[in-house]
Structures are given as C-alpha cells and as structure tokens.
Amino acid sequence: MSHQPARRPLLTALAATALLMTSTACGAVSGGSVDAASGSASGSSSASASLRPVKTITYVNPAPFYPAFTDVGDCLTKQADTYGWKTNEVGTPGSAVDNQGAIDLISQAIANGTDALVVFPTIPELFTPVIQEARAKGIYVVAQNAGAPSTGQQTQVGTDAKQLGGIIAEGLGAKQPDAQVGVLSGSASTTPHVDEIKGFQDAAASKFPGIKVVAGDYTNGDATKAPELWSNMLTAHPEITTLFAVQGTDVAAAITAVKERGLTGKVTVVANDLTPDHRAAIEDGSLLGVGEQGWCEAGTKAAEAVKSLSEGQQLPEFIPTTSTYYDKSNLPAQ
C-alpha cells in the first residue's frame with residue numbers, strides 16, 4: 001500500500017504495508033497542524049518555549065522487508081550524521097504491517113529517552129495516544145506518508161498521493177488509453193492509498209476518459225492475501241486489462257497472477273516504487289511502469305524537519321517529496 005498536498009502512498013505493504021510500503025507508497029494531511037509544545041491542534045506547528053536538543057532520533061520502520069522503507073532509514077541516518085545525531089532504526093518482523101507492534105516500538109523509544117521520532121501512523125487514530133505521549137515529553141514527531149495533525153505529529157514528509165496516482169494514470173494512458181483497471185490497496189482507512197486512487201481516477205477522467213477502475217479490493221495490511229485477491233479479481237472481472245498495485249508488496253503477486261492465467265501481453269501491471277525487483281520486472285516486460293515516490297528524499301527531509309523543529313522553526317503540515325513515473329523508456333541508470 002496516498003496526502004494532499006494533503007496525502008493519504010507502504011504501508012503499504014504496509015495497515016498495510018501499509019507497507020509495503022506502502023507503501024506508495026503511498027498521504028497528505030488536512031486541517032490544522034500541531035503545537036510543538038503540547039500536541040494540540042493549531043494553525044501550524046510551533047516550537048515549545050524550551051527547545052529540546054537532539055542527540056538521538058528513532059526511525060520506526062513499518063515494514064523492514066520492503067526496500068523502500070530501508071531507503072528512508074538509510075537516508076535519514078546519513079542526514080542525521082551530518083548533525084552529529086545518533087539514529088536508532090527499529091521495525092516489526094514479518095511480511096505484514098503490524099500497527100500495534102509499531103506503537104509498542106514507539107512507546108519503547110519514548111521510554112528510552114529518544115529526542116525525536118520518525119514514524120508511519122498508517123491508521124492515524126490508532127497512533128494518536130502514543131504520539132501525543134511523545135509530544136507531552138517534548139519529543140519531536142515527524143510522520144512519514146501518513147497521519148494527520150490531530151494525532152500530534154508536527155509535520156508530515158512524503159508523497160503527494162493524488163499527484164502520484166495522477167502520474168501513474170498518465171503513464172498508463174499513454175500506452176493503454178482504454179485500460180480497464182483492477183486496484184488492490186491497503187485498506188479504506190489508509191488515507192494515502194485512498195488519495196492515490198482518487199488522483200488516478202481524476203487524472204484518467206481528465207486526460208484518458210477511456211480508463212476505468214472496474215474493481216477494487218484490500219489486503220488490510222496482510223500482503224500474503226494478495227495472490228488470492230488478484231486471482232479472484234481476474235476471475236470476477238475478465239474485462240480487466242491492467243492491475244494497479246498501490247502497495248509495492250503486492251506487485252509480485254500481480255505479475256504472478258497474470259502469468260499463471262496465461263494473460264501475459266493481455267493484462268499489464270502498474271505499481272508504486274522503483275525497487276530493484278520492480279526495475280527487473282520493467283526490463284523484462286512483466287511490469288509496465290511505476291510511480292517512484294522519492295523514499296530517500298523522504299528520509300533526508302525528515303531529518304531536516306527535526307532539525308528545524310529543534311531550532312524553533314514553524315513547519316508546514318506537509319512536506320512533499322518528488323514523484324516520477326518510470327517505464328522502459330526512461331529508467332534511470334543504476
């Protein structure tokens with residue numbers, strides 16, 4: 001497994017992976033931001049009267065098995081190193097996003113005395129208590145690709161999910177202007193995914209009215225369900241010509257479903273994230289294209305955001321990363 005600039009694209013794979021990715025990816029926020037001192041809603045984030053110096057920053061990886069989230073951690077660490085900070089990266093085990101596990105890791109980081117948190121509040125209401133607890137202790141909280149100011153986060157760094165969905169629709173439309181699309185995402189509560197699908201549909205309606213979303217389903221954070229869900233979708237909707245995997249963790253299952261049904265060349269796949277596996281799939285033709293969300297940039301900007309907060313600066317509710325559509329025609333050099 002969307003922002004606005006308010007966004008809503010892992011975890012996907014991440015409720016999901018929510019992840020995976022998340023994933024996509026993969027959203028923007030809406031409403032007022034949170035007061036840096038108290039975590040209460042206000043017009044924008046603000047620093048407390050007594051600013052906490054940063055020595056340690058903790059990154060809670062929502063899906064360590066997915067390469068994009070590792071990129072976030074690596075680039076966050078690299079930028080934090082330039083400030084002389086120690087970075088602790090923690091994450092939950094398994095092949096599905098574990099929201100309660102992530103919340104427990106945040107609680108542990110608070111108990112350990114971290115000065116800043118970078119987290120994926122994939123289902124905002126679940127994370128509100130622990131984020132507000134962190135803010136009450138003066139800990140800076142930067143969200144990645146999810147959440148809302150009401151949770152207590154001070155800013156969100158990540159994908160403009162609607163924009164991401166839009167560029168995927170445009171990339172698909174350039175090759176298949178009448179594509180009939182089946183979509184699999186994290187959950188109806190994963191805001192970045194909802195926004196990404198809306199961005200896809202809005203762009204299609206505007207530029208490629210022949211493109212229609214004819215089916216949709218959710219993994220609810222469990223990427224192991226994807227093979228069955230894709231298979232069921234293709235059975236129930238034989239008119240489908242494209243599978244859209246909003247969560248990067250669901251891409252391999254989509255490609256396999258197409259191959260097993262002998263639909264290679266008849267049904268294409270589009271998705272989020274230019275991981276090594278996805279690059280290989282684009283090169284061999286089993287994946288038409290992907291919307292890359294700028295995960296390394298997200299890690300760098302998250303560290304920069306924490307530094308700004310520690311200096312008492314006000315930040316916008318949402319800090320976007322750069323999204324780019326890649327297919328065989330424009331794959332970047334490795």
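Reply: Asn-145 counts as buried because its relative accessibility is 2%; buried means under 20% relative accessible area, exposed over 50%, and partly exposed in between, with a 1.4 Å probe and protein chains only. The model is predicted, so local features need pLDDT of at least 70 and side-chain atom pairs count only at pLDDT 80 or more, whereas totals for chains, interfaces and linings use all residues. Residues are numbered from 1 along each chain as its sequence is written, and side-chain values use heavy atoms, leaving out hydrogens and water.

Asn-145 is located in the loop between β8 (140-144) and β9 (155-158); helices (H or I, at least four residues) and strands (E, at least two) are DSSP runs, numbered from the N terminus. The phi of Asn-145 is near 55°, which is positive although the residue is not glycine. Most residues other than glycine have a negative phi.

Asp-273 also has a positive phi, of about 80°, and is not a glycine. Asp-273 sits in the loop between β13 (268-272) and α8 (276-284), and its relative accessibility of 1% makes it count as buried.

Aromatic rings may be considered next. Rings of Phe, Tyr and Trp (its six-membered ring) pair if their centres lie within 6.5 Å; planes under 30 degrees apart count as stacked, over 60 as edge-to-face and the rest as tilted. The whole structure holds 7 such pairs. One of them, Phe-69 with Phe-120, is edge-to-face, at 5.0 Å between centres and 90° between planes. Phe-69 belongs to helix α1 (residues 67-82) and Phe-120 to the loop between β7 (116-119) and α3 (124-136), so this pair ties together parts 51 residues apart in sequence. Both Phe-69 and Phe-120 are buried.
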